[in-house]
Amino acid sequence: MNDLYVAIVNQLDNGIILLDEQLNIQLWNKWLIKYTGKSEEEVKGLPITTVVPRFDKKIYAYMFEKALLDKQKSFCSAAMHQYFVENKCAKMKPTRQNILIQHIQIEHTSHLMIELYDVSNHYKRIQNLNKYLKSSIDLSKNLEYFVYYDSLTNLPNRKFVLDRLERLIEEEDKVFSLFFIDLNGFKAVNDQYGHLQGDLLLQMFAERCNQFSQKQEVWARLGGDEFVLLVEHMTTANEVEPYTEKVHELLREPFIIEEQQIVISASIGCARFPQDGATAKQLLNVADYQMYLQKAKR
């Protein structure tokens with residue numbers, strides 16, 4: 001189960017139980033652990049009717065069935081069952097707890113969610129839910145950035161490029177070119193000036209890439225001193241040459257690092273879709289091979 005989802009429900013000020021389609025407990029959040037004295041290890045995998053005998057009643061069985069089969073929500077007021085969690089914890093005031101039963105989908109798997117909350121604490125519960133939902137959105141954005149972007153240069157990374165290529169390949173009548181760029185002389189920069197200065201050079205090169213990027217272009221860093229440029233809607237030799245020249249142009253002006261002028265160049269290979277490969281990895285390999293042919297000519 002998604003770790004982010006579990007982290008969120010464990011912060012809520014209400015009880016959350018997730019059941020699989022056989023009504024076995026898959027999640028028992030911290031609110032329930034606190035107020036029932038039963039740990040998740042004790043109850044996980046057990047039928048809900050064993051852990052909570054009152055759920056063996058026909059009316060609950062009917063609501064569970066409707067939620068799973070028809071995705072129908074069911075609301076049980078506190079007046080119906082007085083309270084779900086009995087006052088077994090000294091810290092817990094006697095409360096009247098409403099229950100919401102509904103179907104949810106997590107990672108393409110159907111679950112039944114039972115949500116319990118204190119009627120007297122309803123507005124605080126909503127406030128907390130909104131707060132943690134916002135946190136989850138912010139965290140999701142950060143996780144997405146971590147997965148798809150290079151932390152040093154802020155350019156898209158290898159995973160971003162592979163995913164983008166696969167999506168483009170699936171589109172009908174799509175054409176594009178992929179340039180593989182290796183920075184010549186970068187190792188010498190690391191050896192002579194140090195890795196911090198080498199990282200700074202990579203960041204400065206990335207800034208130049210972004211500065212001169214056009215709408216149909218995607219610059220990315222694969223790792224080390226290897227970069228790619230993805231250009232949509234063009235594959236002919238006449239169109240490829242200007243982009244190769246563009247990369248060389250980005251490197252003609254020296255990089256100024258600690259008052260030192262550093263000049264590097266690039267070896268560039270190109271693969272075109274659809275003629276040079278049918279998958280993202282094939283295209284990347286072709287562009288990489290073409291780059292090494294260019295490097296061997298130096």
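Trainee: In which helix does Tyr-62 lie?

Mentor: Tyr-62 lies in helix α5, residues 58–70. Helices are DSSP runs of H or I with at least four residues, strands are runs of E with at least two, and both are numbered from the N terminus. This is a predicted model, in which local features need pLDDT of at least 70 and side-chain atom pairs count only at pLDDT 80 or more, while totals for chains, interfaces and linings use all residues. Residues are numbered from 1 along each chain as its sequence is written, and side-chain values use heavy atoms, with hydrogens and water left out.

Trainee: Why does Tyr-62 count as partly exposed?

Mentor: Buried means under 20% relative accessible area, exposed means over 50%, and partly exposed is in between (1.4 Å probe, protein chains only). Tyr-62 has 48% relative accessibility, so it counts as partly exposed. Its C-alpha is 9.8 Å from that of Ser-74, twelve residues apart in sequence.

Trainee: Why are Cys-209 and Cys-270 called buried?

Mentor: Cys-209 is at 0% relative accessibility, so it counts as buried. Cys-270 has a relative accessible area of 17% and is therefore buried too. As for disulfides, a pair of cysteine sulfur atoms within 2.5 Å would count, and the structure holds zero of them. Over the 298 residues of the protein chain, 46% count as buried.

Trainee: What makes strand β1 largely enclosed by the rest of the structure?

Mentor: Five of the five residues of β1 (residues 15–19) are buried, which is why the strand is described that way. Gly-15, Ile-17 and Leu-19 point one way, and Ile-16 and Leu-18 point the other way.

Trainee: How do you know that β1 pairs with β2?

Mentor: Two strands pair if DSSP finds at least two bridges between them. Three bridges join β1 to β2 (residues 25–28), and the two run antiparallel; Leu-18 stands opposite Leu-27. Their hairpin has five residues between the strands, and Leu-23 there takes a positive phi near 65 degrees.

Trainee: What makes up the open sheet of four strands?

Mentor: The order is β7-β8-β6-β11, with antiparallel pairing. β7 (217–223) and β11 are the edge strands, since each pairs on one side only. Between β7 and β8 there are six bridges, and Trp-219 stands opposite Leu-229 in β8. Helix α8 (residues 158–170) packs on this sheet and touches β6, β7, β8 and β11; its direction makes about 25 degrees with that of β8. α10 lies across β6, β7 and β8, at about 150 degrees to β6. Axes are lines fitted to C-alpha atoms, for helices over the stretch in contact, and angles run from 0 to 180 degrees between N-to-C directions.

Trainee: Which residues touch the most other members of the largest nonpolar core?

Mentor: Phe-179, Ile-181, Leu-183 and Leu-201 do, among 29 residues. β6 (176–184), α10 (195–211) and β8 (226–232) are among the elements that each supply at least two residues of this core. A second, separate core of 23 residues includes Trp-28, Trp-31, Tyr-35 and Val-43. A nonpolar core is a set of buried Ala, Val, Leu, Ile, Met, Phe, Trp, Tyr and Cys residues joined through side-chain atoms within 4.5 Å.

Trainee: Which residues does Ile-181 touch?

Mentor: Contact means heavy atoms within 4.5 Å. Leaving aside residues up to four places away in sequence, Ile-181 touches residues including Trp-219, Phe-227, Leu-229, Val-247 and Ile-268.
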